Amino acid sequence: MAQPVLASSGGSCAALAASPFEAGFADHPQRITDLRHAIAVCEDALAASPDAADIAAWLGRAHAEAFDHTAAIAALERAMSGGHPIGTALYATYLLDSRHLTAQPERAVALLRPLAESGLAIAQHGMGRAYDFGFGVDVDAQQAAHYYRLAADQGYSRAQAALASLYELGLGVEQDYGRSLHWAEMAAAQNDPYGLYQLAWLYQSGQGVEQNYAEALRLYQHGADLGDPFAANELGHFYAEGLGTPVDMVRAIALFERAAASGEPLAIANLGQIYVLGRGVAMDTAYAASLLLQASELGEKTAMTTLGFLYSQGDGVAEDQAEAFRWTQKAADLGDPMAWNNLGNHYEKGLGVPRDLGLARQFYQQAVDAGILLARKGLADVTELEKQAP
């Protein structure tokens, strides 16, 4: 009697969580309707049939949609080991960068390319990401657009959202806000969190559509309700700044904390900024510094800039001009305009680096050109110092 039970369990997992891009399941929705139920059923099925690569793939897919990336990776690795195409493509996409595990981009591309060439939309999206960000291959926006388009034309919502972003930015395609809006709406219509985020951004920025903070807020809320930490962070920003809604720091902080708990670097940085400023909480620069260090180590440039400032002032951390300069330089290299201003200050005053008025002027000017008004004073100060020089 055991065999029918196992077959039934696996079958139920398939009915709940199989991808529409694998044979026999084309009528399935891309978004799993009931993630908790699907995960529970698939976990039971995999426990009963631990070598079933298809069940591991479906479970991994469900965990990924729930933004539980650690659990997703564990299940998808088992699916890949069993040769399941969907599981392999999803696992390889995780391998592209080190956000959730140690990256192996060349291996990822080697896994993705044949699956993409066979027409698997999920693998085509993965190859698009590889070319988009230079994971395992040279950056090539046109190739990224090519692969995204192949997957988007098959209805893969992640690729539709990515293609919307390329059209918004004019990368690999001619900039076209109308097409960006079209593809974002296609992805959002399938409840894809990334599509919802992209569509919300277009409403927020007024690109391809009339600016509408209320609609952007609604879309970010929808994405946050689906568990998307990016949407939760942006929603927190809306409540913190009063965009399309009254300022509500309690709600903003709760949203930042939710996104930060998932490891979202910008949300961790935003929490750090809140504790630096004491907005809605008691000012606590020591705690802020610990948050900003965490976000900085995850590559968030705004956190690096503020952390450098705290080191320069000895606020929340021991004053250390060399460390201040190090983090500020990292942020500047990543293109943060405020870091350019702060680098100007370091070179102007010789803080943690030999004094160099020429470099100070260069960085202040970069900051001014980027719209940092504070840098105008730095430029003026450098001009006066140059006049006084012998």
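## Close-up views of loops, helices and a disulfide

**View A. F67 in a loop.** F67 is found in the loop between α3 (53-65) and α4 (69-81); helices here are DSSP runs of H or I with at least four residues, numbered from the N terminus. This is a predicted model, in which local features need pLDDT of at least 70 and side-chain atom pairs count only at pLDDT 80 or more, while totals for chains, interfaces and linings use all residues. Residues are numbered from 1 along each chain as its sequence is written, and side-chain values use heavy atoms, with hydrogens and water left out. F67 is not a glycine, yet its phi is positive, at about 60°. Most residues other than glycine have a negative phi. With a relative accessible area of 13%, F67 is buried (buried means under 20%, exposed over 50%, and partly exposed in between, using a 1.4 Å probe and protein chains only).

**View B. N191, another loop residue with a positive phi.** Look for N191 in the loop between α10 (177-188) and α11 (193-205). Its phi is near 60°, and N191 is a residue other than glycine. N191 has a relative accessible area of 33%, so it counts as partly exposed.

**View D. A159, buried in helix α9.** Helix α9 spans residues 157-169 and holds A159, whose relative accessibility is 0%. Once neighbours within four places in sequence are set aside, A159 is in contact with H125, Y148, A151 and A152. For a sense of scale, A159 and P354 are 195 residues apart in sequence, and their C-alpha atoms are 48 Å apart in space.

**View E. Helices α20 and α21 packed against each other.** How do the axes of α20 (residues 357-369) and α21 (residues 374-388) lie? They are 8 Å apart, and the helices pack at an angle of about 155°. Axes are lines fitted to C-alpha atoms over the stretch in contact, and angles run from 0 to 180 degrees between N-to-C directions. The two helices are therefore roughly antiparallel to each other (over 145 degrees; under 35 is roughly parallel, 65 to 115 roughly perpendicular, and the rest oblique). The crossing of α20 and α21 is left-handed, that is, the near helix is turned anticlockwise from the far one by less than a right angle. On the α20 side, L357, A360, R361, Y364, Q365, A367 and V368 take part, meeting A375, R376, G378, L379, V382, T383, L385 and E386 of α21. The residues of this contact divide into 9 nonpolar, 3 polar and 3 charged (nonpolar: Ala, Val, Leu, Ile, Met, Phe, Trp, Tyr, Cys and Pro; charged: Asp, Glu, Lys and Arg; polar: the others, Gly among them).

**View F. The disulfide of C13 and C42.** The sulfur atoms of C13 and C42 lie 2.1 Å apart, and a disulfide is a pair of cysteine sulfur atoms within 2.5 Å. By this rule the model has 1 disulfide. The link of C13 and C42 is right-handed, with 100° about the S-S bond. Distant parts of the chain are joined here: C13 sits in helix α1 (residues 2-17) and C42 in helix α2 (residues 35-48), 29 residues apart. C13 is buried, at 0% relative accessible area, and C42 is buried at 0% too.

Key:
Contact means heavy atoms within 4.5 Å.
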